Amino acid sequence: MPGKLILCATPIGNLEDITMRVLRALKEADLIAAEDTRNSIRLLNHFDIHTPMTSYHEYNKYQKGKTLVERMQKGETIALITDAGTPAISDPGFELVNMAYDAGIEVTSLPGPAAFVTALTLSGMPPRRFVFESFLPDDKKARRAILEDLRDEMRTIILYEAPHHLVQTLTELAAVLGEDRSVSLCRELTKKHETVTRTTIGGALDRYREESPRGEFVLVIAGKPKGEAAAEAAAKWESVPLPEHMRIYTDQGIDRKEAMKRVAKDRGVTKREIYRQLLDLE
């Protein structure tokens, strides 16, 4: 019988956050695949776990993934851990999960710490709808494209950032989202010096231009206010003649009544107002 792949969430700071299920899985696994064995050995030693380890990280994830799948096909159970948090969330794991599924291997995930969830609950930002972008890419073109996508995002936005890149990222966010946008900067989560700074993007910039950032940051940013987004959307249609606007929908086979409804929504007015304007034009 084939073995199993177990994704094991490990503490993001406070070691007491590890779950009993994860501890048992790490002890009973045939092998632990760790993002950095030098870092993970401290965790295993703390909990007196002596399971063999092997490295599995961003730079060997395909080659080592094949080796791990072969071992699981022979019946071994492999536990996957990262330096901190839940595997596959901004860390290696996604590719190995799919390789295991393709090979017919059972996969399970043991829930536990995730920095973006902890930060969201601490931030005071609306948690019902959010978008998680992790670390912005280093490639300038890809980075700019994501920032442009976020310009009109009305959901709460969550980003990760390293201290040495924080000022640059805040500068770019200020240019795209505006300096007045609210943000909660969460750092050293679950650790002794955990801090949550609630301010604006501009306020954060002023602070960290003078003060050197320390620790990994999670930025939880307010989405664009609904009213502001609607006003901007409506302004885009002001220059489009009403008959042309109607044809955008009627040419798609949408009936006149539904087209008027959609045009009214685009322009931020009532359907009655669109009907009146069309009568005047006729």
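1. Ala88 sits in the loop that runs between strand 4 (77-81) and helix 4 (94-102). The model is a predicted one. The phi angle of Ala88 is near 85°, a positive value in a residue other than glycine. With a relative accessible area of 32%, Ala88 is partly exposed, because that class covers the range between under 20% (buried) and over 50% (exposed).

2. Ser134 also deserves a look. Its phi is positive, about 60°, although Ser134 is not a glycine. Ser134 belongs to strand 6. Is Ser134 buried or exposed? Its relative accessibility is 14%, so Ser134 counts as buried.

3. Next, the aromatic rings. How many aromatic pairs does a search of the whole structure find? The search gives 5. In one of them, the ring centres of Phe116 and Phe132 are 4.4 Å apart and the ring planes meet at 15°, so this pair is stacked; the cut-off for stacking is planes under 30 degrees apart. The pair links distant parts of the chain, since Phe116 is in helix 5 (residues 115-123) and Phe132 is in strand 6 (residues 130-135), 16 residues apart.

4. The two partners can be checked for burial. Phe116 has a relative accessible area of 12% and is therefore buried. Phe132, at 25%, is partly exposed.

5. A further pair joins Phe135 and Tyr160. Their ring centres are 5.5 Å apart and their planes stand at 65°, so the pair is edge-to-face; planes over 60 degrees apart count as such. This pair, too, links distant parts of the chain: Phe135 is in strand 6 and Tyr160 is in strand 7 (residues 156-161), 25 residues apart. Phe135 has 39% relative accessibility and counts as partly exposed, whereas Tyr160, at 9%, counts as buried.

6. Which residues do the ring pairs link into a cluster? They are Phe116, Phe130, Phe132, Phe135 and Tyr160. The cluster therefore takes in both partners of the stacked pair, Phe116 and Phe132, and both partners of the edge-to-face pair, Phe135 and Tyr160.

7. Glu179, Asp180, Asp206 and Glu210 form a negative surface patch. One of these residues, Glu179, lies in the loop between helix 7 (166-177) and strand 8 (182-187). Glu179 has 47% relative accessibility, so it counts as partly exposed.

Note on methods:
Residues numbered from 1 in each chain as written. Predicted model: local features only at pLDDT ≥ 70, side-chain atom pairs only at ≥ 80, totals over all residues. Heavy atoms only, no water. Patch = residues over 30% accessible without salt bridge, like charges linked within 9 Å, V, L, I, M, F, W, Y side chains within 5 Å. Areas by Shrake-Rupley, 256 points an atom, 1.4 Å probe, with all protein chains shown as cover. Salt bridge = Lys/Arg side-chain N within 4 Å of Asp/Glu carboxyl O. Lys, Arg positive; Asp, Glu negative; His and termini not counted. Charge placed at Lys NZ, Arg CZ, Asp CG, Glu CD. Helix = DSSP H or I, 4+ residues; strand = E, 2+ residues; numbered from the N terminus. Buried < 20%, exposed > 50% of the residue type's maximum accessible area, 1.4 Å probe, protein only. Phe/Tyr/Trp six-rings, centres within 6.5 Å; stacked < 30°, edge-to-face > 60°.
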